[in-house]
Amino acid sequence: MLHKFKLVQILLYNSDTNPRASIRISVKRFLLMKTVFNRPSSFKGKTKPKCFCWSDGLGVCIKCKENIIGHENGCKALGSLYHVTCFTCSVCKDTLVKKPFYHSDGNTYCESDYLNTLEKCDACSLPIKERILRAVQKQYHPECFKCTDCGSCLDGVPFTMDTDKNVLCVSCYNRKFAYVCALCGQLIVSEDGSETYRIIAMDKDFHVACYKCQVCGVKFENEPGRGCYPLGDELLCHAHYKERSRDRQQ
């Protein structure tokens, strides 16, 4: 009986409460135990008060495997119990209690150190917290992957690169590098993204559809008598070439 009293008194004295109050409580509990244990045999079989209830902890810290004594010394996170001093950032070791934290690959990070583990956007140099867009062997925020000329976002749309490795939308690339048809004055580009063909004649470029007789509109072909017969700046079929040539001689 005396041994149990000393155990309770030491535990309470080392708690965070006032030492004097702890001693008074210890004595009071000792007296209570003494009264209970000295009761008649009719008390047998009933639950007896625990002498070590003041030393009961909240549980075992999952990190250090020690008991957590006192509510102010423990916290619950990620479904487990920790000492306040054990729940820390894996990198800087700062406590994470009442702070935003991140859990990744078995490690717990403060916000600053977690951001340092993320890939950086090649355009803005900021950490990429959510979806990563990978293109031209680099990584971007989707909204940061833009045409270097017009600034339009290229997330999910076709793009290309020039010889200087500038990323361009198709419209800007065509405007800078596409050939212009000598007949209609329009860019020779594909509207559906398929391959583009052009015809070169008289050191000029033409749409396939524009490469035809400018009088009758018949398309030129690689067959005898059905090819292009240019006269001045005009593209003519054989029949109209002879007609225009005859008119000029008169």
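Me: Which residue lies over the face of Tyr179?
Reply: This is a predicted model, in which local features need pLDDT of at least 70, side-chain atom pairs count only at pLDDT 80 or more, and totals for chains, interfaces and linings use all residues. Residues are numbered from 1 along each chain as its sequence is written, and side-chain values use heavy atoms, with hydrogens and water left out. A charge sits over a ring if NZ of Lys or CZ of Arg is within 6 Å of the ring centre and within 35 degrees of the ring normal. At 3.6 Å from the ring centre of Tyr179, the residue over its face is Arg198.

Me: How many aromatic pairs are there?
Reply: Rings of Phe, Tyr and Trp (its six-membered ring) pair if their centres lie within 6.5 Å; planes under 30 degrees apart count as stacked, over 60 as edge-to-face and the rest as tilted. Under this rule, the number of aromatic pairs is 10.

Me: Why is the pair of Tyr173 and Phe177 classed as it is, and what is that class?
Reply: The two ring centres of Tyr173 and Phe177 are 5.0 Å apart. Their planes stand at 45°, so the class is tilted.

Me: What separates Tyr173 and Phe177 along helix H4?
Reply: Helices (H or I, at least four residues) and strands (E, at least two) are DSSP runs, numbered from the N terminus. Helix H4 spans residues 170-177, and Tyr173 and Phe177 are 4 residues apart in it. Their separation is therefore about one helical turn.

Me: Is Phe177 buried or exposed, or in between?
Reply: Buried means under 20% relative accessible area, exposed over 50%, and partly exposed in between (1.4 Å probe, protein chains only). Phe177 has 38% relative accessibility. Phe177 is thus classed as partly exposed.

Me: Which parts does the pair of Tyr229 and Tyr241 tie together?
Reply: The rings of Tyr229 and Tyr241 are tilted, because their planes are at 35°, with centres 5.7 Å apart. Tyr229 is partly exposed at 25% relative accessibility, and Tyr241 is partly exposed at 28%. The pair ties together parts 12 residues apart in sequence, namely strand S13 (residues 229-231) and helix H5 (residues 238-249).

Me: What is the phi of Lys165?
Reply: Most residues other than glycine have a negative phi. Lys165 lies in the loop between strand S9 (159-161) and strand S10 (167-169), and is exposed at 67% relative accessibility. Although Lys165 is not a glycine, its phi is positive, at about 65°.
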